[in-house]
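Have the structure open as you read.

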Amino acid sequence: MEIISNPYLLLLAPGHGLIFDDMNFPKYKHMYKKWASVTPKKDIDILIGYVSAYGYTEKIAEKIEAIALAKDKKVEVINLEDTKVEDFMKKVDSTRVLLLGSTTILSDTLPQIWAVLSSLNGTINKGLIAGTFGSYGWSGEATKFITERFNQLKLKQPSPPLTTVFQPSDTDMEKIEEFTKLILESL
């Protein structure tokens, strides 16, 4: 900002894009200063988005929520079957941790989760802490695919994916507690 604040700078010709001169430079300099100074407010500690075919992934989401709320964290849980991706992504901008849960159907992550994953950006969402969970019946690829996308985006993942086979058991509930503990420690 210091360089373009120089009062003797009359023309700016970047390698690509607009050429700025005395007719438009003050306007765009002001706009750039405003954009560069915006720091998104992170007023949600943990945002949990999920899709659940039989309710098992939803149970995991609810358990994570209960543990985090008991630790006085602000948590929002959203069923992505009932929410527009655009609305969910607005909340992503306000969160410190993004957890995505998906059932595995036909050896894949569900479409609503893919829509969120394709809306994330490694630059815009830099610094976001992420994690994944889900229930499956046979193969369990959903969490692996979500983790791969988080890796591509270079998002910090404090815990490996959490998976359960069908209904979460008592042992699975302990795994959920450990998963959530690692997530909370990353805050």
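## Ground rules

Buried here means under 20% relative accessible area and exposed means over 50%, with partly exposed in between (1.4 Å probe, protein chains only). Helices (H or I, at least four residues) and strands (E, at least two) are DSSP runs, numbered from the N terminus.

This is a predicted model, so local features need pLDDT of at least 70 and side-chain atom pairs count only at pLDDT 80 or more, while totals for chains, interfaces and linings use all residues. Residues are numbered from 1 along each chain as its sequence is written, and side-chain values use heavy atoms, with hydrogens and water left out.

In α6, the buried residues are Asp172, Ile176, Phe179, Thr180, Ile183 and Leu184. They sit on the same side of α6 because they cover an arc of only 135° around the axis (taken from the directions from the helix axis to the C-beta atoms). Turned away from that buried side is a face with exposed Asp170, Thr171, Glu174 and Glu185.

What do the buried residues of α6 pack against? Their partners are β1 (44–51), α2 (56–70), β3 (95–102), β4 (129–136) and β5 (162–165), where contact means heavy atoms within 4.5 Å.

## The sheet

Five strands make an open, parallel sheet, ordered β2-β1-β3-β4-β5; strands pair if DSSP finds at least two bridges between them. At the edges are β2 (75–79) and β5, each pairing on one side only. Five bridges join β1 to β2, and leucine 47 has glutamate 76 in β2 as its bridge partner.
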